[in-house]
Structure formats: structure tokens, C-alpha cells
Amino acid sequence: MIPAIRQQYNSQFSSGAYEALLRSLTDITGITPSFRVAETPVFVPAALKQQLIAAGDAVIEVIRRKDFNALTEMAIPKGQVVPQQDAHPQFLIVDFAVTQDEAGALSPQLIELQGFPSLFGFQELLAAQYRQHFDIPSSLNNFLGGMDAAQYETLLRRTILNGHDPKEVILLEVLPQQQKTLIDFVRTEQLLGIPTVCVSALVLEGKKLYYEKDGEKLPVKRIYNRMIAEDLEKHREELGTLINFQHEMEVEWVTHPNWYYRISKFLLPYIQGAYAPKAGFLHEIAVLPKDLENYVLKPLFSFAGQGVIIDPTPADIDAIKDPENWILQQKVNYAPVIKTPSGPAKCEIRLMYCWPDDAADPILTHNLARLSKGKMIGVNYNADKDWVGGSSCFFE
């Protein structure tokens, strides 16, 4: 999106350098990414960077409301409330589509948000490998808060460990070896020394939590929570008997499971401004918009784009039996602003915030980008195309 840098990158691109980048990700982690890594990073101009920051601030303003817990009480499904929720989530992620007005000016538009971690380990590795294998101008930075890689790792350690011995902190996931984000789990373990543990390995004795490994029972004081509730239900039969997370436990969460629901699509109707498309709870919409083709229908409790209806019809809406669990959001037109040798690509940018327990406010740290040449943005939907997939931004 910075024309001169884009033109230079494309002209100097080589498939050999790209293949070397992919090999380096595998060599460093021992894991081959199970999602497509894009051939290019995204070069973000200063004006769009400032808009992204302002758009993120608008989201945080809602999260900082004094009545936030009361506002989002209905966001948590019945039977899913976990006790001992803390004051705030330790991670926030906010996704924006890159759009373009009639004059060609770029603008971010809010798509999704989550009080949940993202690829905080892998994204820094990916950015470093783009820089190693391609000529990325030194004036561009993949960090948004002015830090460097060492400072970022220190912040990640502060946020996830909070002073605990890494041996007593676990990364918790559902069948982690089967997850597409396994490479991030491994990278996090490399950075912080914490083990990745499947939920089925947890043991609860009274209020004390342990996990079993090689026949040994080890204590858990803090959980880096990467567990998606929908995934847990999907694999419950395969997982067998699990502990009850509604039981009180002497353990700290990063982030607490309640935040996954409170800071989610549930908040979209409450966020307003130039960067927030109009959104409403389906059961509260008395009359459907006449231009329904300009809206998208999203289930509240889904992940990675699952269940989203891009071109809803009145029949689709009539067929929904639980409208209180759906949102109708004004459709956002992603602009094909990334010029590639095989045609333009659309872009989505994720802002990634750390919010350590001792910090007054979220700290904007890293980013994630996804490139697409199809209707859907996620890395699952562009397998047959090139110059698409997961990427990283470098900001002017």
C-alpha cells in the first residue's frame, strides 16, 4: 500500500527467497505451518497506521466502560460462566478490513474483536523472517508501540508469566497437536519455556490444579488459555472425562475464559464511529434493511469465520431459531489494494494488544495480516491461490 516500496518488493521478489523463508520457519520451530504463509508482508502508510490506532482506541473506550460487565453479562452462554474473573483480559485482538473510498483514500473498518490471545509468538518470528529473506526498509517497523524484539519478548514474558516459574505455567489447548496454530504454541514454548498441555491432561484435586506428563503430576499456577469453547464441545467425546471449569480453582488465567465471550462479536452493536460498520442484534431488528444484500449475518459464538452468511436472504434469517445469538452487520467492501504479480489482493489487519496484570491500559504491540483474492479472508479459503494467506505488516 506504499506504492514505491510495493513496486520495489515485487520487482525483487524471488520464489527461492520465499521458499527459504518457509524453510526457516520449519527449521526454527520444527513445525511446518499448516496454513498458507503469504509471499509478501503488507506495507502500511503512516496515514492508515494512525487511523488503525484511532480505531483501536474506539474499541478500547467501550471495553473501559464502568458498566462493561453488566453490559456483557448476556454474552456468556448459560452454563459457561467460569468463576474468579479478573479485572481485565491480558490480551486483545481487533480485526480491521482495509477499504478504499471513491477518492482512493484508505480506511480501516472493524470486522471482529476478541478478548483472547492470537499468534503472539509466531507473528514476531514471521516478521523477522520476512526481514531476513527480503529487503524490508529499515524505516518500517512491525511493532506499533515503538519497541524492539527484545522489549517485545520481555512484555510477552511479563504478560503471560506474571512472575511465575515457567514450569508452573502452561499453554492450554484442545488437542494441540491437531491445531493449525501448533507452530505458535511451539514458538511460545521456545520463548518462555512453558509447556503446551491438552485439556484432557488436567487433574483437579480440591481447588489445586495439576497436569500429567510422563506419569508425573505437575502443579499449574497460571494458564495461558488458547482453548476455544466450541472446539472443546466438538471434541468432547474424543477427549473423555474433563475437569469442570465452573469449579473454583487456585489458578490464574491468561485470559480468563469469560473474556472470550464478553469481548467478541457481542460488542459490535455498541461500537460506533467512522471505523465501525453499523451492527445490531438480530432479535432486536424489527424491520430488516431493504438493502439486505449489503449486510452480513454472523453467529455470536463461532470462531475463524465459521457460520458466517455473506449474502443473507430473508429466508436465511427466517430459518434462524436463535436470533438472539446472531448479529446483522453492514457489509464491508475490502479493497484490492495489494498489488501482486498475479493480481490484486485484499487485506485484513489485526491489531494485537498485551495488557499485563499490572498495567493500567492495553499496550498495542504487534500485528497480523491476512491477504485474500476470494470472498472470504481467512487462510482456509484461499488454498488454490498465490500471494495470499497469513502475513505481517510493516508500518511507515
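1. Throughout this note, a residue is called buried if its relative accessible area is under 20%, exposed if that area is over 50%, and partly exposed in between, with a 1.4 Å probe and protein chains only. The model is a predicted one, in which local features need pLDDT of at least 70 and side-chain atom pairs count only at pLDDT 80 or more, while totals for chains, interfaces and linings use all residues. Residues are numbered from 1 along each chain as its sequence is written, and side-chain values use heavy atoms, with hydrogens and water left out.

2. Helices (H or I, at least four residues) and strands (E, at least two) are DSSP runs that are numbered from the N terminus, and two strands are taken to pair if DSSP finds at least two bridges between them. On that basis five strands form an open sheet, in the order 3-2-14-15-16, with antiparallel pairing. Its edge strands, each pairing on one side only, are strand 3 and strand 16 (389-391). From one strand to the next the twist averages 25°, where axes are lines fitted to C-alpha atoms, for helices over the stretch in contact, and angles run from 0 to 180 degrees between N-to-C directions.

3. Within this sheet, strand 14 and strand 15 run antiparallel and are joined by nine bridges; Lys 346, for instance, has Ser 372 of strand 15 as its bridge partner. Helix 3 lies across strand 2, strand 3, strand 14 and strand 15, and runs at about 35° to strand 3. Helix 6 (residues 149-161) also packs on the sheet, where it touches strand 2, strand 14 and strand 15, and its direction makes about 105° with that of strand 15.

4. Helix 3 (residues 46-63) has 18 residues and reaches 26 Å from its first C-alpha to its last, close to the 26 Å expected at 1.5 Å a residue, the expected span being 1.5 Å times one less than the number of residues. Its buried residues include Leu 48, Leu 52, Ala 55, Val 59 and Ile 63, and among them are also the polar Lys 49 and Gln 51. The cover over these buried residues includes strand 1 (42-44), helix 4 (68-71), strand 2 (91-100), strand 3 (106-114), strand 14 (346-354) and strand 17 (393-395), with contact meaning heavy atoms within 4.5 Å.

5. Gln 123 is found in helix 5 (residues 122-133) and, at 2% relative accessibility, counts as buried. A polar atom of the Gln 123 side chain lies 3.0 Å from the backbone oxygen of Ser 391; a polar contact is a pair of N or O atoms within 3.5 Å, where within protein one must be able to donate a hydrogen and the other to accept it, and residues adjacent in sequence count only if both atoms are side-chain atoms. Leaving aside residues up to four places away in sequence, Gln 123 touches Met 352, His 366, Asn 367, Leu 368, Ser 391 and Ser 392.

6. A salt bridge is counted when a side-chain nitrogen of Lys or Arg is within 4 Å of a carboxyl oxygen of Asp or Glu, and by this rule the count comes to 21 salt bridges. In one of them Arg 64 is joined to Asp 361, with the closest N and O atoms 2.3 Å apart. This pair links distant parts of the chain, 297 residues apart, since Arg 64 is in the loop between helix 3 and helix 4 and Asp 361 in the loop between strand 14 and strand 15 (363-372). Arg 64 is partly exposed, with a relative accessible area of 40%, and Asp 361 counts as partly exposed at 42% relative accessibility.

7. Glu 250 forms a salt bridge with Lys 208, where the closest N and O atoms are 3.0 Å apart. Glu 250 lies in the loop between helix 9 (236-239) and strand 10 (252-254), and Lys 208 in strand 7 (residues 208-213), so the pair ties together parts that are 42 residues apart in sequence. Glu 250 counts as partly exposed at 44% relative accessibility, and Lys 208 is partly exposed with a relative accessible area of 44%.

8. Asp 357 forms a salt bridge with Arg 222, the closest N and O atoms being 3.1 Å apart. The two belong to distant parts of the chain, 135 residues apart: Asp 357 is in the loop between strand 14 and strand 15, and Arg 222 is in strand 9 (residues 222-225). Asp 357 counts as partly exposed at 32% relative accessibility, whereas Arg 222 is buried, with a relative accessible area of 0%. Separately, salt bridges that share partners join Asp 95, Glu 348, Arg 350 and Arg 370 into one network.

9. Strand 12 (residues 295-299) is largely enclosed by the rest of the structure, because five of its five residues are buried. Tyr 295, Leu 297 and Pro 299 point one way from strand 12, Val 296 and Lys 298 point the other way, and all are buried. Five bridges join strand 12 to strand 13 (residues 326-330), and the two run antiparallel; Pro 299 stands opposite Trp 326 in strand 13.
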